[in-house]
Amino acid sequence: MSKKAIIAIIIAVVVLAGGGVTAYFLLRPTDETPKQEVVVDKHPGQAQSILTGQWLDKNIAMQRPIAVMHENEKHNHPLFGLNSSGVIYECPVEGSSTRFMVLYDNNIPDDMKIGNVRSARPYYCYFNHEFDAIFVNWGASVRAIDILRSDYIDNISGVIDPAMDSVCFYRTNDHASPSNVYTDRGKIMAGVQQKGYRTALDESKPKKFTFAEDDKPNMLTVEGAMDCAVIKPYFFVNLPRFEYDAATQKYKRFQFGKEQIDGLDNSQVACDNIIFQDVDSHDLEEHDTANSPYIWIETTGSGTGKYFTKGKMIDITWKRPTENDVTKYYDMQGNELVINQGRTWICTTENKFKEKNQYYATIEEYNAANTKK
């Protein structure tokens, strides 16, 4: 090989090497180079429950919830299924009693006893609409019947629609009629099929709750948060209270002077979040069979309230423009409320009585204030 050829080869190698070095320095990652974020799906095949924010099989999470009306009179306890629920609404009814609307994800066992099942009131229908739930009830007040006979919500009722009686409900001999009517998911879904109701959740509908991330619970460290270990809504007949259990980080429920028990497993009823939603209310001209006036609970507009979790409480506000919207909750800084994953108990507390609600920083403080002298 000639001397000129050798020199040419050497020059070519040097040029190539130099180009590679140049390319490396030009293309190497720098602090200014945007880094591609790798998104890891921590919950493959799952989706969050719209009731609890907990992760379920996506096929289940995308099914419509089930909402069942429960009576709350002393004589008909225990109730069955409360500790398997995602959301519980407690609202005043005639005679100063309360009733529950209990919402379940569609993952409860088909044969799990639910109830007892009792009649609806208009405001429960409006609250049910926020969750796109199948509404299950045994009878209703006149104004509630008007709503249930419209297409506002899909409902299953053994009184309004007698054909659903044997399909969706059964009776026991543990209580006198009408406090002995029960149901289960299997029976409810048989009724849903017979009625031809949609079973898939309407994903275009806004979600009512915003949930804390898995590893970032809301510890209520915002300005204005206060310790609150005992919560006593004013409800005059059942005299309920919630006591915070630091070991489980849940609120245990009491009423009628003792622990409230779930008849399924004899465990005390408990929840992770409590919301007081202060509402306007008034008596109606219609009366029930005991000649007590039915009441009207306002479900739209705006108002105040409180949020309780992790042994703390804060003041909140709420807003729901129309009956086709969902209620949104906000902290006092105007941020949308982030609630913790788990079961939420919502008490609609009438504005005219809300000053009678009681809050205690510690259980010892509550005991001292309520010890008979």
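**Exercise 1. Find which residues D245 is in contact with, leaving aside its neighbours within four places in sequence.**

Solution. Step 1: contact means heavy atoms within 4.5 Å. Step 2: with neighbours within four places in sequence left aside, D245 is in contact with K250 and K252. The model is predicted: local features need pLDDT of at least 70, side-chain atom pairs count only at pLDDT 80 or more, and totals for chains, interfaces and linings use all residues. Residues are numbered from 1 along each chain as its sequence is written, and side-chain values use heavy atoms, with hydrogens and water left out.

**Exercise 2. State how many residues of helix α3 are buried, and name them.**

Solution. Step 1: α3 covers residues 122-129, and eight of the eight are buried, so the helix is largely enclosed by the rest of the structure. Step 2: the buried residues are P122, Y123, Y124, C125, Y126, F127, N128 and H129. Step 3: one of them, C125, has 0% relative accessibility and therefore counts as buried.

**Exercise 3. State how many disulfides a search of the whole structure finds.**

Solution. Step 1: a disulfide is a pair of cysteine sulfur atoms within 2.5 Å. Step 2: the search of the whole structure finds zero. Step 3: for the burial of another cysteine, C168 counts as buried because its relative accessibility is 1%.

**Exercise 4. Give the volume of the largest cavity and sort its lining residues by type.**

Solution. Step 1: on a 1 Å grid over the protein atoms alone, a cavity is a set of points where a 1.4 Å probe fits but cannot get out; lining residues have an atom within 4 Å of a point. Step 2: the structure holds two cavities of 30 Å³ or more, and the largest has a volume of about 70 Å³. Step 3: its lining consists of I50, E130, F131, D132, L201, D202, K205, P206, K207 and K208. Step 4: these divide into four nonpolar, no polar and six charged, where Asp, Glu, Lys and Arg count as charged.

Notes: Buried < 20%, exposed > 50% of the residue type's maximum accessible area, 1.4 Å probe, protein only. 1 Å grid on protein atoms, 1.4 Å probe; cavity = no way out; pocket = protein on both sides within 12 Å on 5 of 7 lines; lining within 4 Å. Points joined across faces, edges and corners; volume = space filled by probe spheres on them. Helix = DSSP H or I, 4+ residues; strand = E, 2+ residues; numbered from the N terminus.
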